[in-house]
Amino acid sequence: MTIGKTPALAALSARLHWEAENTKIATDNLSRANVPNAVEKTLQPFRFADTLNHGNALRMTQKNHMKGTAPPSTYKIKENKSEGEMDATSNNISPEQELMTLNESAIQTTVLTTMAKSLLSNYRMILTVSK
């Protein structure tokens, strides 16, 4: 097993991919904030449990060893047609809310990459001590 496929790093990677997709949707919403009749789009909230249990089929690769074979998860985008206040352009996209979403995504990305760096540092220490 490569280090990048350990459960902890795989979960962090899945969350980073979700954050990237969330950023794309927020920037798309922000670009359409003044377009008449534009509808806000959002991602379904991320749950680590979904990445761990999404179609996990176990198979034996060696004696006393089981490996998960979960396919990469797909993110569900929903349109929020009735949520939020309508403005003069008859859309419900709030530029302020989208900027807050982008800021939260940047903060979460920083936290997740710091966690991944720390985890990789721990792996490096374990591997060098065990030589």
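Colleague: In which helix is Thr101 found?

Modeller: Thr101 is found in helix H3, where helices (H or I, at least four residues) and strands (E, at least two) are DSSP runs numbered from the N terminus. Please keep in mind that this is a predicted model, in which local features need pLDDT of at least 70 and side-chain atom pairs count only at pLDDT 80 or more, while totals for chains, interfaces and linings use all residues. Residues are numbered from 1 along each chain as its sequence is written, and side-chain values use heavy atoms, with hydrogens and water left out.

Colleague: Is Thr101 buried or exposed?

Modeller: Thr101 counts as buried because its relative accessible area is 17%, and buried here means under 20%, exposed over 50% and partly exposed in between, with a 1.4 Å probe and protein chains only.

Colleague: And which residues does Thr101 touch?

Modeller: If residues up to four places away in sequence are not counted, Thr101 touches Asn22 and Ala26, where contact means heavy atoms within 4.5 Å. Asn22 and Ala26 are both among the buried residues of H1.

Colleague: What about Gln108, where is its place?

Modeller: Gln108 also has its place in helix H3, but Gln108 counts as partly exposed, because its relative accessibility is 30%. Leaving aside neighbours within four places in sequence, Gln108 is in contact with Arg15 and Glu19. Gln108 and Arg15 are 93 residues apart in sequence, yet their C-alpha atoms are 9.2 Å apart in space.

Colleague: Why are Glu19 and Arg15 separated by about one helical turn?

Modeller: They are separated by about one helical turn because they sit four residues apart in helix H1, which covers residues 7-31.

Colleague: How many salt bridges does the search of the whole structure find?

Modeller: The search finds two. In the other, Arg32 pairs with Asp28, the closest N and O atoms being 3.2 Å apart. Arg32 counts as buried because its relative accessibility is 19%, whereas Asp28 is partly exposed, with a relative accessible area of 30%.

Colleague: Changing topic to rings, how many aromatic pairs are there in the whole structure?

Modeller: The search finds one aromatic pair. Trp18 and Phe46 form this pair, 6.1 Å centre to centre with 55° between the planes, and it is tilted. For the terms, rings of Phe, Tyr and Trp (its six-membered ring) pair if their centres lie within 6.5 Å, and planes under 30 degrees apart count as stacked, over 60 as edge-to-face and the rest as tilted.

Colleague: Which parts does the pair of Trp18 and Phe46 tie together?

Modeller: Trp18 lies in helix H1 and Phe46 in the loop between strand S1 (40-43) and helix H2 (48-53), so the pair ties together parts that are 28 residues apart in sequence. Both Trp18 and Phe46 are buried.

Colleague: Back to H3, how far apart are its end C-alpha atoms?

Modeller: They are 51 Å apart, which agrees with the 51 Å that 35 residues should span at 1.5 Å a residue, the expected span being 1.5 Å times one less than the number of residues. The buried residues of H3 include Leu102, Ser105 and Leu112, and what covers the buried residues of H3 includes H1 and S1.

Terms used
A salt bridge is a side-chain nitrogen of Lys or Arg within 4 Å of a carboxyl oxygen of Asp or Glu.
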